[in-house]
There are 4 protein chains.
Amino acid sequence: MPNQLFTSPYPIRFAHTDMAGIVYYPNYFNMFQSVVEDWFDHWLGIRYATLIAERKVALPSVRAACDFLCPTRIGDILDLSVILRRTGRSSITIGIEGAVSGKPALRGEVVLVTLSLTTFKAIEIPPDIAGRLKAYQQLTPLVGQLESGHD
Amino acid sequence: MPNQLFTSPYPIRFAHTDMAGIVYYPNYFNMFQSVVEDWFDHWLGIRYATLIAERKVALPSVRAACDFLCPTRIGDILDLSVILRRTGRSSITIGIEGAVSGKPALRGEVVLVTLSLTTFKAIEIPPDIAGRLKAYQQLTPLVGQLESGHD
Amino acid sequence: MPNQLFTSPYPIRFAHTDMAGIVYYPNYFNMFQSVVEDWFDHWLGIRYATLIAERKVALPSVRAACDFLCPTRIGDILDLSVILRRTGRSSITIGIEGAVSGKPALRGEVVLVTLSLTTFKAIEIPPDIAGRLKAYQQLTPLVGQLESGHD
Amino acid sequence: MPNQLFTSPYPIRFAHTDMAGIVYYPNYFNMFQSVVEDWFDHWLGIRYATLIAERKVALPSVRAACDFLCPTRIGDILDLSVILRRTGRSSITIGIEGAVSGKPALRGEVVLVTLSLTTFKAIEIPPDIAGRLKAYQQLTPLVGQLESGHD
């Protein structure tokens with residue numbers, strides 16, 4: 001288990017831009033979805049595709065929010081870091097910090113809920129996921145340091 | 001000037017859905033952008049396309065947030081209502097209430113900033129827009145009633 | 001049954017644009033999907049949402065193509081017309097003509113296949129749809145006239 | 001100069017799917033845009049972001065087409081290969097072959113035009129790009145072999 005926050009780079013592409021020449025903000029939420037998938041696959045070690053397609057557990061968002069601190073542009077590499085804020089019976093609250101070359105670009109939050117695609121009802125976070133989330137949460141001291149910098 | 005909140009219907013389409021069979025949430029933010037444009041065009045009477053393409057004033061979002069209260073599906077009509085929460089020197093804070101057949105589906109917020117596309121700096125809200133926003137804000141008592149219902 | 005091609009207007013929005021200031025082309029294919037849905041709902045009289053969500057018949061595309069004749073911009077209204085080129089056992093080939101204020105903007109083609117969502121196999125076009133398609137095809141002479149203008 | 005076609009992998013994500021459980025086809029055209037950008041950056045050695053943002057040369061598509069040979073799903077890795085079919089004074093015709101684990105998934109074509117963002121008119125392909133395209137075209141014999149397999 002790597003002893004640091006999960007961070008993954010997302011290149012800003014032509015498709016993300018709008019006529020103001022910057023990233024059109026709903027596209028950032030697409031990237032939030034990507035970093036959640038990548039975090040599951042590459043840190044938690046739980047394959048997101050298998051979770052939804054085979055185990056029939058989806059992770060819809062019941063809340064999403066973001067402060068856009070500065071615009072990003074084609075050619076930028078947006079580094080997104082995942083901070084696990086808290087877990088409930090069936091909810092997972094994630095902070096997402098975005099930066100370009102180390103300069104903060106956005107600060108987001110997404111609340112996911114574990115949902116059975118069979119019953120379409122919220123279910124308790126499956127034990128394997130809960131265990132891995134707990135491991136990730138032990139990185140929290142690092143998070144405190146990270147966040148004390150900009151709060 | 002119509003004496004009620006601006007509300008506009010957005011049909012949920014196949015394109016909005018994901019493999020869980022419901023609307024993929026970033027698409028709601030696209031609809032938020034649509035309702036802002038429609039509100040400018042049809043209530044404020046300031047053509048959004050002219051504003052950006054000719055007057056070179058853009059309205060990027062510096063914040064967007066949404067609570068997704070219940071999922072929506074293909075064939076639903078999502079009614080979005082615009083609530084003007086406050087205006088600053090260059091910022092416009094908007095609440096967006098979404099409902100399907102009168103049942104609340106989402107509650108969002110977007111903070112827009114008036115930006116010059118010539119200098120790429122925030123500018124004071126142009127007087128014609130400020131005047132129309134003031135007129136819209138006089139609908140606030142109605143908003144209070146609406147919001148007291150769910151806060 | 002109206003005796004003319006189905007045409008529906010789609011407003012070009014900020015969300016459709018890219019940093020070149022024009023519509024980013026994949027967004028046109030989203031509009032193609034919209035006009036097919038609207039054609040089903042409003043001309044064929046077969047509710048697209050019901051077809052897929054209740055009858056479990058999807059209409060995925062096995063081919064899509066488009067010539068972009070001239071760029072479109074925010075504030076334009078893109079009128080899309082549906083031309084039924086041919087139907088096979090399980091395929092429906094549609095031409096889509098796009099114009100802004102009568103000036104041709106694009107010419108597209110989409111080939112849909114009727115697919116059972118239960119078996120995930122192509123199925124014969126259901127009789128009610130086949131019947132309505134036949135009715136629409138009787139508008140073909142009109143189509144010939146329309147198309148002779150630009151071929 | 002690597003002596004083979006440029007191929008790049010694109011993971012199929014939740015965001016690409018629709019309620020039929022497969023990739024919603026307009027998203028493939030987004031991936032076509034990505035592979036063109038990556039081909040410019042990583043094979044041609046001409047930075048796409050610089051080209052558009054600094055040299056003010058855009059590459060809008062005047063035509064896009066695709067046959068979708070078999071559906072793709074979340075968790076698939078779609079490998080896209082770029083085939084340079086021909087170049088004109090200001091146009092670049094590209095074939096795009098898509099495969100998942102070696103199995104063909106799609107076959108597309110995009111025609112790009114070099115456009116000055118200053119005059120918004122088509123311009124001759126800049127010499128540095130033309131030179132690199134010529135180098136890439138020398139891979140054509142390989143292409144012939146590739147294509148003879150499925151034509």
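**Entry 1: chains C and D.** I superposed chain D on chain C and found a rotation of 180 degrees with 0.0 Å of shift along its axis, at an RMSD of 0.0 Å. I then looked for the residue of chain D that comes closest to the rotation axis, and it is Ala65(D), with its C-alpha at 1.9 Å. Both copies use the same surface, since 100% of the contact residues of chain D recur in chain C; contact means heavy atoms within 4.5 Å.

**Entry 2: ground rules.** I note that this is a predicted model, in which local features need pLDDT of at least 70, side-chain atom pairs count only at pLDDT 80 or more, and totals for chains, interfaces and linings use all residues. Residues are numbered from 1 along each chain as its sequence is written, chains are lettered from A and ligands numbered from 1 in the order in which they are written, and side-chain values use heavy atoms, with hydrogens and water left out.

**Entry 3: chains A and B.** I repeated the superposition for chain B on chain A: the rotation is 180 degrees, the shift along its axis 0.0 Å and the RMSD 0.0 Å. The two copies are thus related as by a two-fold rotation axis. In chain B, the C-alpha nearest the axis belongs to Ala65(B), 1.9 Å away from it. I also checked the interface: 100% of the interface residues of chain B are interface residues in chain A as well, so the copies meet through the same surface.

**Entry 4: fold of chain A.** I counted four helices and seven strands in chain A. These are DSSP runs, numbered from the N terminus, with helices being H or I of at least four residues and strands E of at least two. Along the sequence the order is β-α-α-β-β-β-β-β-β-α-α.

Entry 5: The C-alpha trace spans about 45 × 35 × 25 Å along its principal axes. Of the 151 residues, 56% count as buried. Buried means under 20% relative accessible area, exposed over 50%, and partly exposed in between, with a 1.4 Å probe and protein chains only. Among contacts in chain A with a separation of 6 or more, 66% come from residues 24 or more positions apart.

**Entry 6: charges of chain A.** I found 14 positive and 14 negative side chains in chain A, with the centres of the two sets 5 Å apart. Lys and Arg count as positive and Asp and Glu as negative, while His and the chain ends are not counted. Each charge is placed at NZ of Lys, CZ of Arg, CG of Asp or CD of Glu.

**Entry 7: single residues.** Gln4(A) sits in the segment before β1 (6–11) of chain A, and counts as exposed at 52% relative accessibility. From Gln4(A) to Ala130(A) I get 18 Å, C-alpha to C-alpha, for 126 residues of sequence.

Most residues other than glycine have a negative phi. Ser101(B) has a positive phi, near 50 degrees. Ser101(B) is in the loop between β5 (91–100) and β6 (103–113) of chain B, and is exposed at 74% relative accessibility. Lys56(D) also has a positive phi, near 55 degrees. The loop that holds Lys56(D) runs between α2 (48–53) and β2 (57–58) of chain D. At 40% relative accessibility, Lys56(D) counts as partly exposed.

Technical notes:
Least-squares fit on C-alpha atoms with pLDDT ≥ 70 in both.
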